[in-house]
There are 2 protein chains.
Amino acid sequence: MALDTDLITAELAARGLRLTRQRRAVVDAVAASDACLSPLEVFQAAREGCPDLGLTTVYRTLELLGEIGALRRIHGAEGCERLVPASTAHGHSVVCGVCGRVTEFTECDMTNVLAAARRETGYRITEHFLQLNGVCIECAAR
Amino acid sequence: MALDTDLITAELAARGLRLTRQRRAVVDAVAASDACLSPLEVFQAAREGCPDLGLTTVYRTLELLGEIGALRRIHGAEGCERLVPASTAHGHSVVCGVCGRVTEFTECDMTNVLAAARRETGYRITEHFLQLNGVCIECAAR
DNA sequence: GTGCGTGCAAATTCTTTGCAATGCA
DNA sequence: TGCATTGCAAAGAATTTGCACGCAC
């Protein structure tokens, strides 16, 4: 679940923004972890490669990365501020309840479910947020 | 999307807890609204029928109601602390992006999607969180 | 009486903002 | 020069905790 630095650079450039050393450290920290990290954890991890990084910058960068769709927030029991890299703007996350690892899942044909929802509620559905929880291969093998 | 007071009473009783006047005010406030409310909004609404209610009690009650599955948190751009009544422990919410109204949606056959997820990620899926966003009938008519 | 439940105030945690300094084009 | 970017410190918001009192069984 790597983050494409070139893509991020391009997205930022399109808005007149830059991928600075600090922002890159934040991106790398999120991309390097296969768990979902809190802003503070991102800060701590990113600091290893960029000791002069400030927490404020982490918050600002995370928001920015969220806007361009490079990050996704995980909906969990403690809230939904934990972050995970997203290779595409639309995709879903599968969270292992044992080790916390998160994997991306892109193939999703929700046609039937969305049609059923429309039938049951009358709403015109424009977006869906789906998150799966389960047990990853390694944890299942134990 | 009514909340069943008897059911809540029973769930609480099973844990040796009571549905007090304050707790009932919180339940009523959430049930009466068809939008998703923040804890503060619940507090303000619940106070109308229970002026001596404290914010602390609201937080404690919301957590309690969440535990027994009577409430569901909505995953939104600003976080996921906004609450909506849930008639069943498993169900999904459909949020109108125009007026903010939330409707419950219970019929969901995710079999195919879950199978695809298992195939793609190898995870054994145990739970899913699905939230739909769209436009409600009234807003669509305008 | 025994615990659950409560409100208030204080403490804590998390996040955002103001601002002067820095850096790159 | 012009504007994005940064860190620090302060401010602010949201949430939790400690505690003594009230209330139901």
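Author: The questions below concern a predicted model and its strand arrangement.

Reader: Is strand β1 of chain A largely enclosed or open, and how many of its residues are buried?

Author: Buried here means under 20% relative accessible area. On one side Leu71(A), Arg73(A) and His75(A) are buried, and on the other Arg72(A), Ile74(A) and Gly76(A) are buried, which leaves both faces covered. The strand, residues 71-76, is therefore largely enclosed by the rest of the structure, the buried count being 6 of the 6 residues.

Reader: In which sense do β1(A) and β2(A) pair, and which residue is the bridge partner of Arg73(A)?

Author: A hairpin of 2 residues joins β1(A) to β2(A). The two strands pair in the antiparallel sense over 5 bridges. Within β2(A), the bridge partner of Arg73(A) is Leu83(A).

Reader: Which strands form the edges of the open sheet of 6 strands?

Author: The order is β4(A)-β3(A)-β5(A)-β5(B)-β3(B)-β4(B), and the pairing is mixed. Neighbouring strands of this sheet are turned by 25° against each other on average, direction ignored. An edge strand pairs on one side only, and this holds for β4 of chain A and β4 of chain B.

Reader: At what angle to β4(B) does helix α5 of chain A run?

Author: This helix, residues 111-121, lies across β5 of chain A together with β3, β4 and β5 of chain B. Its direction relative to β4(B) is about 115°.

Methods. Residues numbered from 1 in each chain as written. Chains lettered and ligands numbered in written order. Predicted model: local features only at pLDDT ≥ 70, side-chain atom pairs only at ≥ 80, totals over all residues. Heavy atoms only, no water. Buried < 20%, exposed > 50% of the residue type's maximum accessible area, 1.4 Å probe, protein only. Helix = DSSP H or I, 4+ residues; strand = E, 2+ residues; numbered from the N terminus. Pairing = 2+ DSSP bridges. Axes fitted to C-alpha atoms, helices over the stretch in contact; angles between N-to-C directions. Contact = heavy atoms within 4.5 Å.
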